[in-house]
Amino acid sequence: MASLALTAATTSKTTGNSPRKRTANGKVTRDLAMKNNNQQNLHAFRKMKAEGTKICMVTAYDASMARCVAASEMDIILVGDSLGMVVLGYENTLQVTMGDMITHSAAVRRGAPQSFVIADMPYLSYHLSLDEAKANAAALITAGKADAVKLEGGTASRQEAIRQIVDCEIPVCGHIGLTPQSVYRFGGFRVQGKTPEAHEQLLRQAVALEKAGIFMLVLEGIPEELAREITAAVKIPTIGIGAGRYVDGQVLVYHDLLGHSTLMPKFVKQYANLDQTITSALNGYCAEVRSGAFPAAEHTYYPITEQE
C-alpha cells in the first residue's frame, strides 16, 4: 500500500487553487506558476507566511459545498471529520470512518477539481499501527483524491506516524491543542494550554511536528499568546481555529460560519444565516404548492391552454 501511495502522490494530477497574491492596489491575483502543482502549493503556503499573507481555509463535505467554496477566494478546503457532527448528526467525531472520509473527500474533489484539498484522518485510522497509518493516508490520496492529509496530536507516536506518511510522499498537516478526537480524555471540548506546563508542552510539540515533516499546523482552542509563540517558533504556516489573531491563517466549519448549524462556539463569527434563509424558502414553497401558485405554466411541459 505504501508503494501505491508513493505512485499516486508523485503522479501528475489536477490540483490546487493557487495561493493568492495582492497587488499594490489590493486586487487579488493568482500566481500562475503555482497553479495545478501540489508541491509548489506547499512551498507557496510557506511563502504566504513569510510575506504576511493570511491563509483562508474552510471545511466542505460534498460537491455542492465544494463548488461554492471553489468559486470564492478560499485558499484551502478541509474535508474535516467534523462532518460527523454537522452532516451525520453524531455528538462528536469519533464515529466517523475511513469510508466516510473517502466518500466525502472524493465528492469534494468532484465539486472543486482545482482546489487544494486536505482530508482528515479519522479516529483510529493512524493510532493502531504505522502500516495502517500509511495505508489509510494513501487511501485518502488515491481514492479520496485529496492533496494532503491531516492528523491530530503531537506525541512521539504521532510524530513517528507523520514521518512514515511523509516518507510515502504524502503531505501532512498537523493539529494540536483542542484535538476533537481526544474529547473523552479531555473531558469535553475544553481550551488547552492554559497552565505553564501545558503551554510548554504544546510549544515543544509544535516544533517537533515541524521536524517530523508537516507542512502546516492547525492550532485549535488555545490561548492567543501561546498561538503567537508557536507561530513565531516554526517556519511552517499555522492555521487557527479558536486560537486568536496572531496566526498565519484561519479555518472555520462551513456550517458554522454560514449559520447552518446548531452549534455556536465562542470563536465563530456568522457571515450568513442559512438556517433562516432555507426555512423561509421551504415555507414559501409549501405555501405556493397549497395555494396552487406552483407549479405555474412556465414550470410545466406542454401546459394546457385555455382553449383546451
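**Talking through the model**

User: Where is Pro295 found?
Analyst: Pro295 sits in the segment that follows helix H12 (274-291). Helices (H or I, at least four residues) and strands (E, at least two) are DSSP runs, numbered from the N terminus.

User: What is the peptide bond from Phe294 to Pro295 like, cis or trans?
Analyst: The bond from Phe294 to Pro295 is cis, and its omega is near 0°. Most peptide bonds are trans, and most residues other than glycine have a negative phi.

User: And Leu124, is its phi positive or negative?
Analyst: Positive: phi of Leu124 is near 70°, in a residue that is not glycine. Leu124 lies in the loop between strand E5 (116-120) and H6.

User: Where do these values come from?
Analyst: This is a predicted model, where local features need pLDDT of at least 70 and side-chain atom pairs count only at pLDDT 80 or more, while totals for chains, interfaces and linings use all residues. Residues are numbered from 1 along each chain as its sequence is written, and side-chain values use heavy atoms, leaving out hydrogens and water.

User: What does pLDDT average over the protein chain?
Analyst: The average is 89, and 86% of the residues score at least 70. Residues 1-19 have a pLDDT below 50, though beyond near neighbours in sequence this stretch has 58 contacts (heavy atoms within 4.5 Å) in the model. Over residues 21-37 the pLDDT also stays under 50, with 33 contacts beyond four places in sequence. By the way, pLDDT is the predictor's confidence in each residue, from 0 to 100. Where it is low, the predicted coordinates should not be read in detail.

User: New topic! How many strands close into a barrel?
Analyst: There are 8, in the order E3-E4-E5-E6-E7-E8-E9-E10, with parallel pairing. From one strand to the next, the twist averages 25°.

User: How many bridges join E6 to E7?
Analyst: Strand E6 (residues 148-150) and strand E7 (residues 172-177) run parallel and are joined by 2 bridges. Two strands pair if DSSP finds at least two bridges between them. Lys150 stands opposite Cys173 in E7.

User: Which strands does H10 touch?
Analyst: Helix H10 (residues 224-233) packs on the sheet and touches E7, strand E8 (216-220) and strand E9 (238-241). The direction of H10 makes about 170° with that of E8. Axes are lines fitted to C-alpha atoms, for helices over the stretch in contact, and angles run from 0 to 180 degrees between N-to-C directions.

User: What about H9 and H10, at what angle do they cross?
Analyst: Roughly 25°, and the axes of helix H9 (residues 196-212) and H10 come within 10 Å. H9 is therefore roughly parallel to H10. Angles under 35 degrees count as roughly parallel, over 145 as roughly antiparallel, 65 to 115 as roughly perpendicular and the rest as oblique.

User: How do H3 and H5 pack?
Analyst: Helix H3 (residues 63-70) and helix H5 (residues 98-111) have axes 7 Å apart, at an angle of about 45°. H3 and H5 are therefore oblique to each other. Ala63, Ala66 and Arg67 of H3 make the contact with Ala107, Val108 and Gly111 of H5.

User: And which residues of H5 meet H6?
Analyst: Met98, Met101, Ile102 and Ser105 in H5 meet Asn136, Ala139 and Leu140 in H6.
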